[in-house]
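Please look over the sequence and the model below. A briefing follows, grouped by topic.

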Amino acid sequence: MTAQLAAYSTSTGEAVQFWILGTIAVIGALCTILMKRAVHSALCLAGTMIILAVFYLANGAYFLGVVQIVVYTGAIMMLFLFVVMLVGVTAADSLKETIKGQRWLALLCGLGFGVLLIGGIGNASLTEFNGIGQANAGGNVEGIAALIFTKYVFAFEITGALLITAAVGAMVLTHRERTERAKTQRELSEERVRAGNQLPPLPAPGVYARHNAVDIAGLLPDGTPSDLTVSKTLRERGQIRDVSQEALNDLKALEQRAEDRLERGAIGPAKSKRSEEASK
């Protein structure tokens with residue numbers, strides 16, 4: 001009797017958790033379709049998926065909760081973000097329909113999904129609950145496997161085909177057809193010779209300097225920095241570290257030490273010569 005009452009009753013903590021996280025999940029779902037930037041929509045959807053994982057964990061479906069975070073939020077949503085970044089979808093893109101009637105079709109599909117959802121919730125509320133204990137009698141993983149490969153195997157295969165189609169579509173969208181023939185290495189070298197601009201390869205960053213980082217300009221033999229050794233992007237951003245003065249100071253100190261050693265070497269033989277003459 002106690003187990004049956006526990007299946008039909010809700011504790012205070014569970015109710016507070018549901019109303020708080022459920023509200024945030026609904027807000028995240030609405031932001032997914034209302035945000036202007038695709039990246040923001042994907043992040044909102046990722047937050048909603050994380051809240052669903054918390055619901056799974058709170059209801060004892062530990063395997064589903066971990067899969068929701070690792071697979072859907074960690075893998076599939078990150079794939080969506082990478083696709084958005086590769087395709088370059090921004091708010092400046094055209095919002096005109098590329099397929100006529102796709103908005104009305106999406107609205108019709110949304111209404112149909114809502115009817116199915118309401119029907120499923122109504123059917124679940126009219127029947128008796130089996131409870132988590134009976135569902136996980138042989139283990140949570142075994143119970144999920146039995147449902148996936150028996151009762152819901154067709155829906156599971158359709159979902160797999162949908163994910164594969166999404167991956168293929170992402171590769172098609174990121175592919176760019178080349179409008180002209182790619183130039184060979186010989187043709188590129190010939191153009192560089194005819195133009196007369198920097199025939200040899202560009203020098204590496206930090207040449208003749210104390211560091212070899214990409215944001216440090218290389219130094220010429222006279223100590224002046226070379227603009228060819230650093231990226232134009234870093235130069236325009238002002239992110240180049242200048243070590244030329246430091247290198248020049250070190251070079252002057254080295255020259256001073258060399259002069260001192262030469263003077264001492266020249267003074268030494270002169271003193272020995274005068275001592276020989278004095279002894280004679």
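The notes below cover helices, a nonpolar core, cysteines and salt bridges.

This is a predicted model, in which local features need pLDDT of at least 70 and side-chain atom pairs count only at pLDDT 80 or more, while totals for chains, interfaces and linings use all residues. Residues are numbered from 1 along each chain as its sequence is written, and side-chain values use heavy atoms, with hydrogens and water left out.

**Helix α2**

- Helix α2 covers residues 12–34, which makes 23 residues; helices are DSSP runs of H or I with at least four residues, numbered from the N terminus.
- From first C-alpha to last, α2 reaches 33 Å, close to the 33 Å expected at 1.5 Å a residue; the expected span is 1.5 Å times one less than the number of residues.
- The buried residues of α2 are Leu21, Gly22, Ala25, Gly28 and Thr32, where buried means under 20% relative accessible area, exposed over 50%, and partly exposed in between (1.4 Å probe, protein chains only).
- Helix α3 is included in what covers these buried residues of α2.

**Serine 41**

- Serine 41 lies in helix α3, residues 38–58, and is buried at a relative accessible area of 11%.
- The side chain of serine 41 reaches the backbone oxygen of threonine 32 at 3.0 Å. A polar contact is a pair of N or O atoms within 3.5 Å; within protein, one must be able to donate a hydrogen and the other to accept it, and residues adjacent in sequence count only if both atoms are side-chain atoms.
- Not counting residues up to four places away in sequence, serine 41 touches Cys31, Thr32 and Met35, contact being heavy atoms within 4.5 Å.

**Nonpolar core**

- Ala42, Ala46, Met49, Met77 and Leu81 form the largest nonpolar core, which has five residues. Such a core is a set of buried Ala, Val, Leu, Ile, Met, Phe, Trp, Tyr and Cys residues joined through side-chain atoms within 4.5 Å.
- The elements giving two or more residues to this core are α3 and α4 (62–87), and α3 gives the most, with three residues.
- Leucine 81 touches Val39, Ala42 and Leu43, leaving aside residues up to four places away in sequence.

**Cysteines**

- The structure holds zero disulfides, a disulfide being a pair of cysteine sulfur atoms within 2.5 Å.
- The cysteine sulfur closest to that of cysteine 31 is in cysteine 44, at 4.6 Å, which is too far for a bond.
- Cysteine 31 is partly exposed at 23% relative accessible area, whereas cysteine 44 is buried at 18%.

**Salt bridges**

- Four salt bridges are found in a search of the whole structure; each is a side-chain nitrogen of Lys or Arg within 4 Å of a carboxyl oxygen of Asp or Glu.
- Glutamate 191 and lysine 183 meet in one of them, at 2.9 Å from N to O. Glutamate 191 is partly exposed at 36% relative accessibility, and lysine 183 is partly exposed at 46%.
- Arginine 186 and glutamate 190 form a salt bridge at 3.3 Å, N to O. They are four residues apart in helix α9 (residues 185–195), so about one helical turn separates them.
- Glutamate 190 also meets arginine 194 in a salt bridge at 3.9 Å, N to O. Shared partners join Arg186, Glu190 and Arg194 into one network of salt bridges.
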